Amino acid sequence: MKKSHIIGIVVIAIAIFVIISTAGDASTYVTFNEAKALFESGSNKKVHVVGQLKKNKHGEIVGVEPSDDKLTVTFLMIDNNQQTNKVFYNKPMPPDLKQSEQVVVIGQYKDDVFYANQILLKCPSKYEEESLQVRAVN
Amino acid sequence: MINLFIGNLGHLFVILSFVLSLASAFSYFKSTSAPDALKQKEWAVNGRVLFFLHSILVCGIILVLFLIIYNNLFEYHYAYSHASKYLPVHYMISCFWEGQEGSFLLWIFWNCVLGIILVLTNKKWEAPIMVIFALVQAFLASMILGISVFDVKIGSSPFVLLREVIVDPIFEMNPDFVPSDGTGLNPLLQNYWMVIHPPTLFLGYATTLIPFAYVIAGLWKREYMGWIKPALPWAIFSTALMALGQLMGAYWAYETLSFGGYWSWDPVENAVYVPWIIQVASIHTMIIFKKNHTALKTSIILVITTFILILYATFLTRSGILGNASVHSFTDLGLSGQLLIYLLAFTVVAIVLSAVRWKEIPTSDKEVSTYSREFWIFMGATVLGLMGFQVLAGTSIPVYNAILEQFGISSNMAPPPDQAIFYSKFQIWGAILIAIFSGTGQFFFWKNMDKSKLWNELAIPVLISLALSTVIFLTAGINKIAFILLLTAGVYSLVANSTILIRLLQKQSFKLAGGSVAHIGIAMMLLGILFSAGYSKVISLNTSGMLFSKDMSDEMNQENVLLFVNEPRVMNEYELTYKGQRIELEGIPGFPSKKIVRKTLDEHTVVATADYMYKGETVFGRGDTLTILPENTYFEVEYKKEGEMAFTLYPRAQVNPNMGLIVSPDIRRLFTKDLYTHISSIPDPESNTEWSDPLTNLVAIGERFFVNDFVAVIKSIQKLDEVEGVELGMEDVAAEAVIEVRTKEQVYELKPVFIIKDKMIGNIPVTEEELGIKISFTNILPQEGKFELTTATSQRDYIIMKAIEMPFINVLWIGTIVLMIGFTIAIVRRYKEFKRSA
């Protein structure tokens with residue numbers, strides 16, 4: 001067997017390992033129910049849940065509660081299945097949390113609370129304008 | 001009145017430049033297939049003239065767009081959404097790369113420059129490579145074409161009017177409406193690194209086309225070996241610029257963003273990293289080929305892969321497929337179809353052409369000896385390829401979902417929850433191998449190495465590096481196996497390459513030193529990354545916090561600290577005090593307190609209400625009118641060590657109506673480490689202060705009372721002859737109470753005013769935001785000798801901040817400079833080789 005063949009086999013083996021480990025480490029987008037089911041089945045894999053902050057009938061955001069020392073925050077989030085769940089975030093409240101149109105929380109479910117390690121916020125128009133802010137007419 | 005002419009002119013230039021690039025490609029193609037030399041020359045001249053005209057028009061487009069931005073023509077969408085009246089001229093250049101159209105324009109511009117250089121320096125290859133160049137230009141120009149053919153939108157023009165993009169009732173009332181100001185450039189981009197980072201990176205991007213064009217031309221014209229010599233200096237140049245561009249971006253992110261580092265494995269960063277690392281592999285295999293004519297097929301594959309990965313990166317970052325925000329992500333302009341065609345067209349052409357010619361490409365069947373330079377370089381290139389593959393596999397996760405959806409399968413795959421861990425745990429092993437190979441490979445500079453010779457050569461560097469890394473290992477307390485190996489390998493690469501460098505210098509062959517200098521740079525960078533990232537320490541860590549559960553304890557530690565104004569807190573070896581909010585005034589040194597200026601109707605102008613001293617000199621006096629940078633607020637944080645004043649940092653926050661709170665760190669730079677501090681949260685400046693129910697205090701002069709838990713006392717009552725903003729008549733009375741409020745650190749003097757005007761009682765309260773108190777002087781009780789003070793309290797001013805220590809980060813930055821020097825030496829050498837052979 002030539003040396004180049006051995007190298008080739010090793011390279012292919014590593015490439016396959018990379019693919020398997022990528023698939024294994026990849027997270028998934030789930031609903032709160034599925035996250036709960038994962039927790040109950042003993043999995044501690046971190047998952048993504050996509051949703052919005054809970055609003056009352058007047059369209060005001062409700063349930064956002066920073067802790068007394070302001071270093072953590074809990075909030076209510078409705079997932080794409082219209083299910084509401086409490087989310088705990090172990091970091092200070094992101095300043096633009098309440099302006100967000102969409103929230104993605106990454107973390108795991110535990111005892112009725114979703115513990116988020118990371119929050120991704122999708123906020124309306126970040127600089128690329130879709131609506132006009134009329135300031136003054138010339 | 002709307003200036004329609006200038007936009008129409010710009011649009012016309014875009015269309016013409018698109019047509020000219022196609023015409024140039026056609027002429028050059030004719031030249032390659034013409035039967036006789038005369039015809040070939042005629043067509044080539046044609047192609048050249050057309051390409052030059054195309055380039056002139058591209059400069060015209062840039063000039064027109066610049067004039068639109070410079071002259072504040074906010075009737076144009078591009079100017080409205082990327083510029084504003086107060087934007088300094090040097091940042092107007094940055095407007096070009098904030099928008100997607102502008103960044104395409106930059107790319108097109110670089111291709112013009114490169115195309116002209118190639119035309120002027122390489123006549124032999126001109127026609128075939130310029131066919132490819134002109135075609136790429138046509139594809140890029142089509143991205144900003146902005147025309148519709150049969151209802152299919154082709155490209156997005158930078159010259160569209162605001163009223164064409166935005167639906168707003170105001171345009172029905174007045175179609176000629178022009179907003180008085182634009183929404184401005186993203187404040188994060190208002191940084192000098194952002195003026196130079198994108199053009200550098202895009203020049204690197206653009207130059208990947210040159211080796212690709214040479215390869216394709218070589219395959220096409222059956223010049224299977226001739227393309228390497230002219231392509232190599234450009235491949236090295238491109239690699240150097242991409243590295244420089246990425247590191248400038250990393251440095252900008254470190255200084256400006258506040259994720260606590262310089263690299264976050266964001267998809268957009270990965271999209272550059274992957275082609276870059278493949279290109280690094282390709283220059284190494286091209287160098288092997290130049291030595292002994294092996295690795296030709298590998299070089300061809302790697303050069304083609306690099307360019308296709310650049311196209312893939314373009315597709316990823318600009319098509320909107322990445323979805324969730326990344327710092328660089330462009331908004332989706334609906335060009336994904338067009339981008340996909342661009343990607344597939346070149347991929348298919350390159351693969352088909354290589355497949356057709358594959359059998360004809362000369363190969364060498366020689367088995368490569370383990371004791372040859374080629375073997376080690378080849379191993380290094382393999383490792384680089386695998387490192388690139390791993391990042392590509394992870395970054396493409398959103399693409400898998402999109403592809404599966406095309407086949408009707410719903411896929412819910414998400415990126416790994418912790419990207420840094422996912423990528424680094426693999427990349428670190430690659431880095432260890434690269435360090436070992438780059439150290440060892442250099443010893444095969446002189447051929448005919450065998451086992452015993454190699455060990456003789458290696459013995460000293462290996463011993464030195466083992467000794468050195470043991471010392472570092474013991475002093476720094478490294479405990480992870482991968483970290484220990486990276487440390488040892490990095491030190492080994494540093495020592496081995498330095499040994500070679502010293503030998504080269506002794507022989508006075510400095511021009512050959514490019515490789516060893518570049519590898520020293522890489523070794524330094526690896527060590528810098530190992531320490532600054534692997535051993536970064538959160539100083540503001542609060543481990544005493546509640547533990548929610550044992551298996552989550554790591555994540556449940558608080559990494560931020562809450563600081564109330566003027567209330568010191570101990571954080572590791574430092575004592576921190578947040579001193580208050582500071583502002584930035586144009587032309588004024590230092591950071592004056594927010595309290596010493598008064599706002600005016602114009603948000604950019606303020607009036608001083610007190611004198612300001614800086615380093616013992618009065619810079620401005622009370623009543624002076626000053627220009628403020630209204631979006632910036634700085635937060636003065638004083639660091640004390642063992643009771644001694646250590647230093648003061650001014651992390652910044654920008655409150656932006658569109659983007660919320662944008663924070664930038666301030667960094668204390670020491671030789672051995674950086675201390676990095678950023679704001680995580682501040683009280684919402686938009687919301688109104690909520691005051692408690694007022695409390696009434698009846699106090700005499702000198703009597704103590706409490707406000708918000710602070711001790712306060714009336715020092716005196718003074719009669720006032722005039723009160724700002726109130727006209728006092730003969731019968732009217734005004735008095736102020738001078739109240740002293742003490743905190744542990746500071747004494748505040750507040751002067752609320754009591755007025756009897758036209759027999760009516762009134763008062764002017766004072767508010768001290770730092771203390772969260774409001775005091776009103778509401779009555780005088782002469783019989784009892786007491787004064788009525790009404791107090792209310794609110795949240796005191798505070799910041800939540802995070803502080804991180806990054807050891808030896810300077811080794812990374814110095815390594816970067818060394819790497820660039822190495823690249824420069826190598827480029828000069830390879831270009832001279834090409835010139836000599838031409």
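Modeller: Pro169(B) counts as exposed because 8 C-beta neighbours lie inside 10 Å; a residue is exposed with 12 or fewer other C-beta atoms within 10 Å, buried with 20 or more and partly exposed in between, C-beta atoms being placed from the backbone. This is a predicted model, in which local features need pLDDT of at least 70 and side-chain atom pairs count only at pLDDT 80 or more, whereas totals for chains, interfaces and linings use all residues. Residues are numbered from 1 along each chain as its sequence is written, and chains are lettered from A and ligands numbered from 1 in the order in which they are written.

Biologist: In which helix is Pro169(B) found?

Modeller: Helices here are DSSP runs of H or I with at least four residues, and strands are runs of E with at least two, both numbered from the N terminus. Pro169(B) belongs to residues 169–173 of chain B, which form helix H9.

Biologist: How far apart in space are Pro169(B) and Trp97(B)?

Modeller: In sequence, Pro169(B) and Trp97(B) are 72 residues apart. From C-alpha to C-alpha, their separation in space is 30 Å.

Biologist: Is Arg222(B) buried or exposed?

Modeller: Arg222(B) lies in the loop between helix H11 (209–220) and H12 of chain B. Its phi is positive, near 60 degrees, in a residue other than glycine. Most residues other than glycine have a negative phi. Because 10 other C-beta atoms lie within 10 Å, Arg222(B) is exposed.

Biologist: Where in chain B is Asp758(B) found?

Modeller: Asp758(B) also has a positive phi, about 50 degrees, although it is not a glycine. With 9 C-beta neighbours inside 10 Å, Asp758(B) counts as exposed. Asp758(B) is found in the loop between strand S23 (753–757) and strand S24 (760–764).

Biologist: How are H11(B) and H12(B) oriented to each other?

Modeller: Two packed helices are described by the angle between their axes and the distance between the axes. H11(B) and H12(B) pack at about 160 degrees with axes 8 Å apart; axes are lines fitted to C-alpha atoms over the stretch in contact, and angles run from 0 to 180 degrees between N-to-C directions. Angles under 35 degrees count as roughly parallel, 65 to 115 as roughly perpendicular, over 145 as roughly antiparallel and the rest as oblique. H11(B) and H12(B) are therefore roughly antiparallel.

Biologist: Which residues of H18(B) and H21(B) make the contact?

Modeller: Helix H18 (residues 419–441) and helix H21 (residues 514–534) of chain B pack at about 150 degrees, with axes 10 Å apart. H18(B) and H21(B) are therefore roughly antiparallel. Two residues are in contact if their C-beta atoms, placed from the backbone, lie within 7 Å. The contact joins Ala431(B), Ala435(B) and Ser438(B) of H18(B) to His519(B), Ile522(B), Ala523(B) and Leu526(B) of H21(B).

Biologist: What percentage of chain B do buried residues make up?

Modeller: Chain B has 23 helices and 28 strands. Of its 838 residues, the buried ones make up 46%.
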